[in-house]
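This report is meant to be read alongside the sequence and the coordinates. It begins with a single chain and then turns to the contacts between chains and to a few local details.

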Number of protein chains: 4
Amino acid sequence: MYFFVNDYNSVGYPEILDALKNCIDEKNPGYGIDSHSQRACKLIKTALENENIDIYFLPGGTSANIIGATAGMRQQDSIISAKSGHIEGHEAGSIEACGLKIETIPTEDGKLSKELIKNFHEQFKTEYMTVPKKVYISNTTEVGTLYKKEELKEIYDYCKENNLYLFIDGARMAAALASDKCDYSLKDLTKLCDIFYLGGTKAGLLFSEALVVVNEDLKKDLKNLIKQKGTMLAKGFIAGIMWERVFEEKDFYLKGSKKAYKMAKVLAKGITNQGYNLAYPFESNQIFVLLDENQVKKWQKIAKFEITGEKESKKIARLVTTFRTTEEEVKNFLKEI
Amino acid sequence: MYFFVNDYNSVGYPEILDALKNCIDEKNPGYGIDSHSQRACKLIKTALENENIDIYFLPGGTSANIIGATAGMRQQDSIISAKSGHIEGHEAGSIEACGLKIETIPTEDGKLSKELIKNFHEQFKTEYMTVPKKVYISNTTEVGTLYKKEELKEIYDYCKENNLYLFIDGARMAAALASDKCDYSLKDLTKLCDIFYLGGTKAGLLFSEALVVVNEDLKKDLKNLIKQKGTMLAKGFIAGIMWERVFEEKDFYLKGSKKAYKMAKVLAKGITNQGYNLAYPFESNQIFVLLDENQVKKWQKIAKFEITGEKESKKIARLVTTFRTTEEEVKNFLKEI
Amino acid sequence: MYFFVNDYNSVGYPEILDALKNCIDEKNPGYGIDSHSQRACKLIKTALENENIDIYFLPGGTSANIIGATAGMRQQDSIISAKSGHIEGHEAGSIEACGLKIETIPTEDGKLSKELIKNFHEQFKTEYMTVPKKVYISNTTEVGTLYKKEELKEIYDYCKENNLYLFIDGARMAAALASDKCDYSLKDLTKLCDIFYLGGTKAGLLFSEALVVVNEDLKKDLKNLIKQKGTMLAKGFIAGIMWERVFEEKDFYLKGSKKAYKMAKVLAKGITNQGYNLAYPFESNQIFVLLDENQVKKWQKIAKFEITGEKESKKIARLVTTFRTTEEEVKNFLKEI
Amino acid sequence: MYFFVNDYNSVGYPEILDALKNCIDEKNPGYGIDSHSQRACKLIKTALENENIDIYFLPGGTSANIIGATAGMRQQDSIISAKSGHIEGHEAGSIEACGLKIETIPTEDGKLSKELIKNFHEQFKTEYMTVPKKVYISNTTEVGTLYKKEELKEIYDYCKENNLYLFIDGARMAAALASDKCDYSLKDLTKLCDIFYLGGTKAGLLFSEALVVVNEDLKKDLKNLIKQKGTMLAKGFIAGIMWERVFEEKDFYLKGSKKAYKMAKVLAKGITNQGYNLAYPFESNQIFVLLDENQVKKWQKIAKFEITGEKESKKIARLVTTFRTTEEEVKNFLKEI
């Protein structure tokens, strides 16, 4: 049985577990003030080529989204997101539970653009609407697409000119940076938004996302917000040890994601070569294939994957590769379909 | 330098890390539906001698408190807590951030009683007050004391008769159960409240608390609440593996805590024998000692610990033991003070 | 200049002011426990032919929607509404500010149906979505349409079978009941939903909506919720005096709305006779006319009205009649366009 | 039966009703953009001797407190209040329902001081506490006392130096300004805090409080917040007409309150002359008298009033005078007790 269900199905990279084992006899203070967390922050700052940022290690994607979304918001403020944004339909109302409305824009491919944001934003002029104060985008998106540098720049410029914060959900930032289609790298990220996170859960850690705060406004009292939302781990040093391990070795952060992307590329090419159509452009380790009912049944006999919806009267099958996907698996799967 | 700062300063029990390593080649589904999580739940149900409960593994104490506090609450409902309750002063307004008011009762020793609750609860009769709907207690408490079985029974009976849920914060439940003063055991817990959790962070796990839901009302749609509050880890199987390891070995859950208690007992006795007074009765692995300014300075030269407040014009020094505290350390510390 | 802007542009019916004047020397207790409020409740119960309901007088539409939407809701619960629902786009995020997500369904004419609700509701099956717990509809709707008795019955039946509450926003319930198209009357309302309100602001009162609670679950502790949301007026007796005046005279509640409907009918007929198309079916005192840019300009020279959006490349002009709209005005306006 | 229950038991000043009647044939736009509201704002600005303020007319005290408390707040922020503050114990958790924690200080007489605030505020230094961002005081207080100009100045100076907003609940501001003990007047108020309101409900209006926003930060997007909290009345012009009437006649705002104070003075003097003790200093139209059980019974036979609590083993009886309390009533009551 081939396994293309998701990219968070393994405990993590062996190196991460080893790093934890190496520290088992230490006594560390709690709540992220330990030396591992501090060194990890330093290493990430170096990789991002920006010393003037704040970094926090949060337990997971939803909690990172909660902090990213609520930071710096007043009660009348709202968040602009693609209708397909993870915070809108996949987190059980987490943002609304914090009192904030998400104002949504329909998109073709999961991506917002300066144009889409501008046209939408200009409608918010009266007291009976919310006050948009932040734009949320995910990279890669929920449908595997990714933003180009110029697209991010245009969006961020619009945000800065219009009193909006830009927040990038980076649960799959490693998948974005590992893609051939990506024309920027780690060191560009802090110039392209106000706040974002580097996903760890989907990049070989046991858990944890590294939240990076660029904008001074959002830095203020953020620790209190992190504590309030239940997203500050008592043993913060465990996240610190993991992130330290990741960033103390050059290029280690993207290593697994690059492997996953390479396999995805082979897989996507093989699938389209056989005449299948993709629901969205292939750009990262998630491939969305249009299948009819019979094809779905056939595929399900040999592989595990999710059906995420429908398009053009066909089902959308999502295949996800990981650092553990092998070329052999992919080739055999391609033969069998 | 002796280290009595807290009981969450180590990565965890070596056995826990080994269990994770053993599973490193597996592919597990996410969000807690994996076989490890399922087996862990089964083992815990057996240990608690109750099949009719729901169990969820949450990242940490604050997040477990958020779920325990918000479950089953309407907007006009409030939570009764001791003024010293962790949710009141130590979680940065986490419960209020969910829209709920905490109604507080001052206590001598961090413990609520049926009498205290009743007298307080009876005042809530008008529309300009909140509607108390849940009682929050912590066990052990924030000042190291613990509830007797009869005390819990009385409180729970009052709750049941008065349409209140009883929620026990069990971040240090292992410390409570490991104490000589405790006259109940794991198997009694589901008869003594509606919802509680077994702390893992302070009982040798890397992270995670096991939330146990007894009351049918609170079980409904709880997964959605857990997801909403950002407290459902994508790699839920990691918590599953850890809890499975803990409960597949008889008495393993309390092993470390019993060691910690034993050391605390020697420590407390030694301290009081030297004429120091305790701020609260010694009942668990936290010892609160009254010190004057000079004594504080002297102690700080040889040991790390927290000052948690003042009482009777003296400082309160908190000493916490863990499963790694040795008899030698304790004896040497006692000699030096 | 003809005035078709809205139906809340006058202080109120003269009879209402007279009633207030008559009570100017009284001393009444506050917060709605006065004899006027009590008698008003009794009169409304009689008009609704249901003694087993609770009635509260709230300041306005938004506040009535807040209470109607939040009553009986847990934190993971959500509200199903038409995308055009007033609570979704016209109340500045009021429901989300209470922590609740609105799950929206696009509609043609502002009306939900059993079918629409069922198809939508059936998608909510996983923990990463909210738990729909209430359906919100408005009657008349935001586009002037109204529900038939059978439609309401079908929706309410679906709700009852599926553990959903049905809440009707009745800011324009008088306009609905006054319409020729309406096949039910005041006495039917409590059989058709769990909670609703009778609009007063748009039915001749200075302010105030009468919230009617049918479902026992929602009745519990509702006064506390009303107080909490800032919607309990200290001088509750003023609303009591107004509602008492309205319901102590037979048919007085609908008198003004019937006049408004009559004028709207003449107006709508005249407009369509002249070849204009309506954006939505004419069913109540709000008429939505499709106009091109030139027509808009022309009309704006002689009348005040709102442009509410676009449809089929035309602007939608909303004309609203009130109890003070005269036949002469309507006829002259029709002549001039 | 003498009536000393509260100061909001009458419909309002006859002049107010007359003003409404005079406007009964007008057609006004909604939501406070009408000419009456605009003129009322202008008149109030003149009375306050400050053109650079924003003014909004809200339905009542709780709603004004909700806006005053939530304006400009981020999610991690909290409000400092006296334990006796109205928002803490008398509004059913309204502030917490907006996600904000109230951090309370016990007081002798319902008044905060710079010293109390400073000592309390200095404790908030860690991430596990909230971030105090606003101070709430009420004037007159819940126990009838009032602030001196110097006291307000000291508090406000501390707030400005420490990044705190100062919000004054002015539900009984007229009572404060009408008192002999008050050493400031309307024109001083905008120099003494960031945001406050002039109570109307307890100063002869049918309803409505005039919220005055001084601080630029708090002015931003406040209309959206007002709409969101359900505190923007559709017929905003009704509040406009009432406030216009009040402020178009010199000294009219305080006229009724001065009468009430005069009567309270006679009453307080008469009571203390007979040997009764007051629970709090007499400073405004609320008098709090210490009574034993027998005295309570005796008084209740001849008068209506509230028992608000206990002090020194005696009950506290609250007597409130209004603009309709007559000297004859007071004298006869004094004779009978």
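What follows is a description of a predicted model, taken from the whole chain down to single residues.

**Chain A as a whole**

Chain A contains 13 helices and 12 strands, and its C-alpha trace extends over about 60 × 55 × 35 Å along the principal axes. Of the 337 residues in chain A, 58% are buried. When contacts in chain A between residues at least 6 apart in sequence are considered, 74% of them join residues at least 24 apart.

**Two domains in chain A**

The chain is divided into domain 1, made of 2–8 + 253–336, and domain 2, which covers 14–248. The C-alpha centres of domain 1 and domain 2 of chain A are 27 Å apart. Where these domains touch, 18 residues of domain 1 of chain A are in contact with 19 residues of domain 2 of chain A. On the domain 1 side, the elements giving two or more residues are helix 11 (252–273) and strand 9 (286–291) of chain A, and helix 11 of chain A gives the most, with 7 residues. By class, this side of domain 1 of chain A has 10 nonpolar, 5 polar and 3 charged residues.

**The contact between chains A and B**

Chain A and chain B each bring 43 residues to their contact. Helix 1 (14–22), helix 3 (61–70) and helix 9 (222–228) of chain A each supply at least two residues of the side that touches chain B, and the residues of that side divide into 20 nonpolar, 16 polar and 7 charged. Chain A is superposed on chain B by a rotation of 180 degrees with 0.0 Å of shift along the axis, at an RMSD of 0.0 Å. Because 100% of the interface residues of chain A are also interface residues in chain B, the copies meet through the same surface.

Helix 1 of chain A can be followed in some detail. Its residues A:Ile16, A:Ala19 and A:Leu20 are buried. Viewed down the axis of helix 1 of chain A, the buried residues fall within an arc of 100 degrees, so they line one face of the helix. The face of helix 1 of chain A turned away from that buried side carries A:Asp18 and A:Asn22, which are exposed. The cover over the buried residues of helix 1 of chain A includes helix 10 (236–248) of chain A as well as helix 1 (14–22) of chain B.

**The contact between chains C and D**

In the other pair described here, 43 residues of chain C are in contact with 43 residues of chain D. The elements of chain C that give two or more residues to the side touching chain D are helix 1 (14–22), helix 3 (61–70) and helix 9 (222–228), and by class this side has 20 nonpolar, 16 polar and 7 charged residues. A rotation of 180 degrees, with 0.0 Å of shift along its axis, superposes chain C on chain D with an RMSD of 0.0 Å. That is the relation of a two-fold axis. Since 100% of the interface residues of chain C are also interface residues in chain D, these copies meet through the same surface.

In chain D, D:Asn22 belongs to helix 1 (residues 14–22), and it counts as exposed, with 12 C-beta neighbours inside 10 Å. The C-alpha atoms of D:Asn22 and D:Ile241 are separated by 9.6 Å, although these residues are 219 residues apart along the chain.

**Backbone details in loops**

| Site | Backbone feature | Value |
|---|---|---|
| C:Asn139 and C:Thr140 | cis peptide bond | omega about 0 degrees |
| D:Asn139 and D:Thr140 | cis peptide bond | omega about -5 degrees |
| C:Glu312 | positive phi | phi near 50 degrees |
| D:Ala92 | positive phi | phi near 55 degrees |

C:Thr140 is in the loop between strand 5 (131–138) and helix 6 (149–161) of chain C, and D:Thr140 is in the loop between strand 5 (131–138) and helix 6 (149–161) of chain D. C:Glu312 sits in the loop between strand 11 (306–311) and strand 12 (314–320) of chain C, and it is exposed, with 8 other C-beta atoms within 10 Å. D:Ala92 lies in the loop between helix 4 (86–89) and strand 4 (101–105) of chain D, where it counts as buried, with 28 C-beta neighbours inside 10 Å.

Key
Residues numbered from 1 in each chain as written. Chains lettered and ligands numbered in written order. Predicted model: local features only at pLDDT ≥ 70, side-chain atom pairs only at ≥ 80, totals over all residues. Contact = placed C-beta atoms within 7 Å. Helix = DSSP H or I, 4+ residues; strand = E, 2+ residues; numbered from the N terminus. Nonpolar A, V, L, I, M, F, W, Y, C, P; charged D, E, K, R; others polar. Buried ≥ 20, exposed ≤ 12 C-beta atoms within 10 Å, placed from the backbone. Arc of directions from axis to C-beta. Least-squares fit on C-alpha atoms with pLDDT ≥ 70 in both. Domains from an automatic or database assignment.
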